[in-house]
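Dear colleague,

Please find the structure below, handed over for your records.

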Amino acid sequence: MVKKKSTSKDKKVFISFDAPDDRFLKEAAIGQSKNKSTPFKAQDKSIKKPLPQSKWEKEAEKKIKSSELVMVMLGKKTSKALGVKKEIELARKHNIPVVQVKPQDSSPKRVKDGGRLYNWNNDNMEKLLKKKK
């Protein structure tokens, strides 16, 4: 598979997810944006590897500040994930919009203050991720 380079036309997205349980949701969302037939693109600004708590928080804040959107991927336990709650708090601190996305045919609990809830489908992903011209 040829990896596409990010461009300034790609929306910078920090994807927040419950790391132990929902990494596959994050990977699927980024994978979807890389599909040639998809009319939107996203630069993945999320943290790629585990870090000690103090470094994690500084890195999360830096990456969230450089993002245009924080997208919370909702899984079964996301509403209780402390890291997700902290990432939402950091996004609010820096006035970065936050939305929640849930897989279709699922009913996970929403994260408090996590923004508007969207079903995960092409129309909604395009609405959230397509760069405005």
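**Cores, sheet and helices**

Within the largest nonpolar core, which has 17 residues, the members that touch the most others are Met71, Met73, Val101, Leu128 and Leu129. Such a core is a set of buried Ala, Val, Leu, Ile, Met, Phe, Trp, Tyr and Cys residues joined through side-chain atoms within 4.5 Å; buried means under 20% relative accessible area (1.4 Å probe, protein chains only). At least two residues of this core come from each of S1, H1, S3, strand S4 (98-102) and H4; helices (H or I, at least four residues) and strands (E, at least two) are DSSP runs, numbered from the N terminus. A second, separate core of 16 residues includes Ala60, Val70, Val72 and Ile88.

This is a predicted model, in which local features need pLDDT of at least 70 and side-chain atom pairs count only at pLDDT 80 or more, while totals for chains, interfaces and linings use all residues. Residues are numbered from 1 along each chain as its sequence is written, and side-chain values use heavy atoms, with hydrogens and water left out.

The open sheet has 5 strands in the order S2-S1-S3-S4-S5, with parallel pairing (two strands pair if DSSP finds at least two bridges between them). Its edge strands, S2 and strand S5 (116-119), each pair on one side only. S3 and S4 are joined in the parallel sense over 4 bridges, and Met73 stands opposite Val101 in S4.

In H1, the buried residues include Leu25, Ala29 and Ile30. The buried residues of H1 pack against strand S1 (11-16), strand S2 (42-44), strand S3 (69-73) and helix H4 (122-129), contact being heavy atoms within 4.5 Å.

Kind regards

Notes:
Buried < 20%, exposed > 50% of the residue type's maximum accessible area, 1.4 Å probe, protein only.
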